[in-house]
Amino acid sequence: MLDIEQIRELIEMMVKNDLLEISLRDGEEEINLRRPNQTMTMSATEMMAQPATMVAAQSQPMAVAPPAAVVKDDEEDLVQISSPMVGTYYASPDPDSPAFVQVGGKVHVGMVVCILEAMKVFNEIKAEVAGTIERTLVKNAQAVEFGQPLFLVRPQ
Amino acid sequence: MTAGHLNIDQIRTATGHSHIGQRIEYKAETSSTNDEAWLYADTDSFDGLVVFADAQTAGRGRRGRIWQSHRGASLLLSVGISGHENPLAGDWLSIITVIAVHETISRFCDTRPTIKWPNDVLADGRKLSGILIESRQNQSGARVHVLGIGINCLQHQGHFDGPLATSATSLELLSRHPIDRTAVAIHLLHALDQRLACPESLNQQTLRNDWLAKADALGARVTLEHNGQQHSGTIVDLDPTAALVLQLDEGGIRAFNAADTSLVSMEYGS
């Protein structure tokens, strides 16, 4: 049976090589490690009674994460502002302050649109597109994943 | 001059050859030392900059919580960090900072401190320090960080009002000797410099082992709240993203990220 250190090494290898799934079988023992959308599910038929989830395994290190991705949405002619990291989304700098952006409001390149908290680090996320916020796709204090769309923007 | 006086010249001399503290600013009073540090974000002197203050008029903690401190009683500082290519420098910044703070507090405190996951330092179950790390892109597009640190140094029991009366403490309350904030500051800057001045040498395994040992974490029983549900189990590891890994009572092993998990309770192993 694999011990926790060996499982940790497997996880590190998966993250390092951007592998989504590894299956190991040795006699009656079977272990599956999966990383769908940066959410890692681990199950081992002999090790545990039920599958467990390894949450928030970031394949993209925060310090080198790309700026908020801008992905064109062909269907609606809108562009997405996506999360560059796993974290918690905050719409305002603190609970008593107004949101950085609101639906119908204008954004410009470099404007702070939200804060993402990851490992107790509060990361300001800036817009990479100028336009009008059409939709906010996440709620305040919601957990978000790497690449998850946060806003839809109608570009200028 | 009292032992509690923050001697900036002495700190500058002690960190003269260090990366962290290569530029040191002091404000008798400011809104927050993090705000002061951000003023330098687009300058060459940001990386390694340290800003001290004796009083903050709008000191902030996590999500707008107020960080209270009587003038001159706490060590209040912010450190500018930028230009690091090693992802550990960002991913594990919270862990690196609390290890340095714990190391410093251990040096001056007669009671052995511990770490409440992920980055609070406690002694006798009471909070001694606070850390607020903020991250932004500067004008050239680089992600830069400010480490805001507050350590309770000279407070007496009467300084802590309301809920803080039973949840906070200070080095002075935990030490048989007078606390010299200057000495605390120098020790902290050296501890940070040791890890942050050369980020390419940062080693995940070393940080993991260091944190687990300082937090007395391995084998500790904890209850966490994640997505509105409570989970209990035993700490078995920190994973490569610095998430806390539990052997759950209900079966299975699961990692919890600090971003969306809060610690409800923790009992240390024997």
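In chain A, buried residues (those under 20% relative accessible area, where over 50% is exposed and anything in between is partly exposed, with a 1.4 Å probe and protein chains only) make up 48% of the 156 residues. The structure is a predicted model, in which local features need pLDDT of at least 70 and side-chain atom pairs count only at pLDDT 80 or more, while totals for chains, interfaces and linings use all residues. Residues are numbered from 1 along each chain as its sequence is written, chains are lettered from A and ligands numbered from 1 in the order in which they are written, and side-chain values use heavy atoms, with hydrogens and water left out.

The accessible surface of chain A, computed by the Shrake-Rupley method with a 1.4 Å probe, comes to about 7500 Å², and 48% of this area belongs to carbon and sulfur atoms. Chain A has one helix and 13 strands, where helices (H or I, at least four residues) and strands (E, at least two) are DSSP runs numbered from the N terminus. Of the contacts (heavy atoms within 4.5 Å) in chain A between residues at least 6 apart in sequence, 48% join residues at least 24 apart.

Strands of a sheet pair through backbone hydrogen bonds, either parallel or antiparallel. Two strands are taken as paired if DSSP finds at least two bridges between them. In chain A, strand β13 (residues 149-155) runs antiparallel to strand β6 (residues 78-82), to which four bridges join it, and A:P149 of β13(A) stands opposite A:S82. Strand β11 (residues 131-136) of chain A also pairs with β13(A) in the antiparallel sense, over five bridges, with A:P155 in β13(A) as the bridge partner of A:G131.

In chain B, three strands form an open sheet in the order β4-β5-β6, with antiparallel pairing. Because β4 (114-116) and β6 (126-127) of chain B stand at the edges with a single partner strand each, one side of each is left without a neighbour in the sheet. Three bridges link β4(B) to strand β5 (residues 120-123) of chain B, and B:K116 stands opposite B:D120 in β5(B). Helix α4(B) packs on this sheet, touching β4 and β5 of chain B, and its direction makes about 25° with that of β5(B).

The axes of α4 (residues 93-108) and α7 (residues 181-196) of chain B come within 9 Å and cross at roughly 145°, the axes being lines fitted to C-alpha atoms, for helices over the stretch in contact, with angles from 0 to 180 degrees between N-to-C directions.
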